[in-house]
Amino acid sequence: MRVGLMIPCYVDVFYPKAGIAALELLEKLDIDVEYPFDQTCCGQPMANSGCEADARATEELFIRNFAKFEYIVTPSGSCTHHIRNKFIATPPSPERDHVQSHVYDLVEFLHDILKVNEFPWAIFPHKVALHTSCSAIRGLFMQSMSERVHDQKFSKPKALLQGVQGIEFVDFERHDECCGFGGTFSVTEEAVAAKMGYDKVDFIDKSGAEYIVSSDLSCLMHLQGCAGRLQKNLKFLHLAQILNGDKE
Amino acid sequence: MSVIDQAKNAAEFIEDKTHEVSFDKLIWMLRQKRDEAALQVPEWEQLRDLASAIKEHTLANLGPYLELFEANAKRNGVTVHWARDGHEHNQIVYDILKSRDADTLIKSKSMLTEECGTTPFLQSRGVKVSETDLGERIQQLDDEPPSHIVGPAFQKTTEDVAALFSKVYGSDPNKADPVYLAHVMREHTRPLITEAKAGMTGTNFAIAETGAIVTITNEGNADLSANAPKLRICSVGIEKIIPNNEHLAVFVRLLARSATGMPITQYTSHFRAAREGGEMHVVLVDNGRSDRLGMEKFWPSLKCIRCGACMNTCPVYRRSGGLSYGSTYMGPIGIITMPTFEIRRYSELPFASTLNGSCTNVCPVKINIHEQIYAWRGVMDEKHQTPSLKKQAMIIAGKLLSHPEAYRIATQSTETALKVLPRFAIYNHFNVWGRHREVPAPANETFHEWYRKNRTH
């Protein structure tokens, strides 16, 4: 099994530890992982702004970098959702089909493909608020959706984290309401984005959580910025760092 | 007309902390009540499938169903008019009123007449128009359009209403009590109803097989508006047609539950014919609907039954306020319908969304709302409606991100990356990000650098 690891741009620059944790975790699980050196981005910033034509060359580069892998894994639900469901800037091709149908968020890869449920090297005796991104919930169906009241309740990221010793989950209000990041939205509608983030941080803070954990760092980057401004004493970690047994 | 700056309007709404907080709380409560109501109906998802299928069937056969409706309405003694657009609709209504010397008109809530600008049209021609829905009347007295399609005055607090009524009616400004305020309104509106020469309602559903106009309301004001005066006019958007009463049953089960969590509203009224000695007119209005029906990606928005569930769940709408959209329809459904009326004016609306998808999940007729929002963004780019600063940034980002060497130079040190990254990740500078949030702290080295040092030797 040969896996191509995609590290999103903001993880590369701002949260390299999460990328390293994802890599080390896959290595611990005896996966043959390769990080293609010429990778940049999936093109989502342009495509989400409606500028499909401007996303085309980036999408083509992505396909060139990753078409050779049996699986493409990334610690980002948002990028996975974009590649799997919205990769339309390039014309259809067998290579495009391949990357679209073989890309997995790290959570999906661990939960659905490798079917891992224990992380014996990981201990995390802390209260955790799990925030799952809208892309992961309503785009990748990694967790049941609060609007679909008759569906069976489940959460793939939570199921994985339950394999970590000592971890304690807290419930908080409006648990699957959007945090307000939304890509370019976080800047074009900064006032609304920040208010959504403040509300999310407040709900979580009231729950007694020590950590906000997510499989999407774009949400966390935004929430961390909001929590910092509100001077809330909350800590932020990508799920991969906990599963890998990182000490903060 | 100039482009609506939803982001700026929303920022102003948030700045005034009282209204944003109470609005979000009230509207979120409606979403919660909707969840509780849906949970009581085991076949909820099947009902949504059915409702969607009925609407799709009717829209696919709209011509024949409209003609069937017309034939049956005429058989009931109703006069049927056809209006190509809002102006024709208003002219038809005015001509009916004028030829019968009706200079006072009472109205029940109708988004279609908002869309057509009917009230200002009639008032500028000497007709005194009075809204009878409590919320709609509040907005009329305050000279403000509706902030929500189900509760027009949701954006106002009871204190706001007490102050407004005190100004208009001389009631106690300090008595912010809903019951008291409702009585004040009732006292002042009843005479308008009993004296009006004509009454007008909108339409929730028009039944092809019976020729009936169905309104679904709580206050009973639609029934009063339709029945108190001898002259009755019903405005109908052509997408409101459904085949028969059996189909209506599906929508009645979904509509109130989706809107407010109530199992059913107080009144579900079928208007089939004029009252004794009176006359009834129906105006079937297109106003862009036929064009939209021909839009491959956007026709499903015609399935909308105006429940407002997408607005109630929308985290952006709840924090922006309904008036920030500067449009007849607001929130997610407004984003995907308003550009069909005027693309330039509403070109920014598709960006007032995080694409979180919650709206699509609550829609009782299963409109793929968030996918349409995404598609509209593409249309705005194709039609050159993207603001030039943003477009330039996207061109630069597209170039940088497709050239690994250039990208690597830009991000090799996090210090330079901080300057460059926002250009592609978020097109603007971090000073916008930093207005309400801390800027992320740069790491010592990028993942790329770490990998080169630790895995390639």
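This is a predicted model: local features need pLDDT of at least 70, side-chain atom pairs count only at pLDDT 80 or more; totals for chains, interfaces and linings use all residues.

**Overall form of chain B**

For a chain of 457 residues, a compact globule would have a radius of gyration near 23 Å, and chain B agrees with this, as its value is 25 Å. Taken along the principal axes, the C-alpha atoms of chain B fill a box of roughly 95 × 55 × 45 Å. Of the 457 residues in chain B, 59% are buried. Among contacts in chain B with a separation of 6 or more, 73% are between residues 24 or more positions apart.

Let me turn to the secondary structure. Chain B contains 23 helices and 10 strands. In what order do the 6 strands of the open sheet in chain B stand? The order is E1-E10-E7-E4-E2-E3, and the pairing is parallel. At the edges are strand E1 (79-83) and strand E3 (128-131) of chain B, each of which pairs on one side only. On average, neighbouring strands of this sheet are turned by 20° against each other, direction ignored.

Strand E2 (residues 104-107) of chain B runs parallel to strand E4 (residues 198-201) of chain B, and 3 bridges join them. Opposite Lys107(B) stands Met200(B) in E4(B).

Next come the helices that accompany the sheet. Helix H4 (residues 62-75) of chain B lies across E1 and strand E10 (279-285) of chain B, and runs at about 150° to E1(B). Helix H5 (residues 86-99) of chain B also packs on the sheet, where it touches E1, E2, E4, strand E7 (231-237) and E10 of chain B. The direction of helix H5 of chain B makes about 145° with that of E1(B).

Two packed helices are described by the angle between their axes and the distance between the axes. Here, helix H11 (residues 190-206) of chain A packs against helix H1 (residues 6-15) of chain B at an angle of about 45°, and their axes are 8 Å apart. H11(A) is therefore oblique to H1(B). Which residues make this contact? From H11(A) they are Ala191(A), Val192(A) and Lys195(A), and from H1(B) they are Ala10(B), Ala11(B) and Ile14(B). The residues in this contact of H11(A) with H1(B) comprise 5 nonpolar, no polar and 1 charged.

Thank you for your attention.

Key
Residues are numbered from 1 along each chain as its sequence is written. Chains are lettered from A and ligands numbered from 1 in the order in which they are written. Side-chain values use heavy atoms; hydrogens and water are left out. Axes are lines fitted to C-alpha atoms, for helices over the stretch in contact, and angles run from 0 to 180 degrees between N-to-C directions. Helices (H or I, at least four residues) and strands (E, at least two) are DSSP runs, numbered from the N terminus. Angles under 35 degrees count as roughly parallel, over 145 as roughly antiparallel, 65 to 115 as roughly perpendicular and the rest as oblique. Contact means heavy atoms within 4.5 Å. Ala, Val, Leu, Ile, Met, Phe, Trp, Tyr, Cys and Pro count as nonpolar, Asp, Glu, Lys and Arg as charged, and the others, Gly among them, as polar. Two strands pair if DSSP finds at least two bridges between them. The radius of gyration is taken over C-alpha atoms; the globule rule is 2.2 Å times the number of residues to the power 0.38. Buried means under 20% relative accessible area, exposed over 50%, partly exposed in between (1.4 Å probe, protein chains only).
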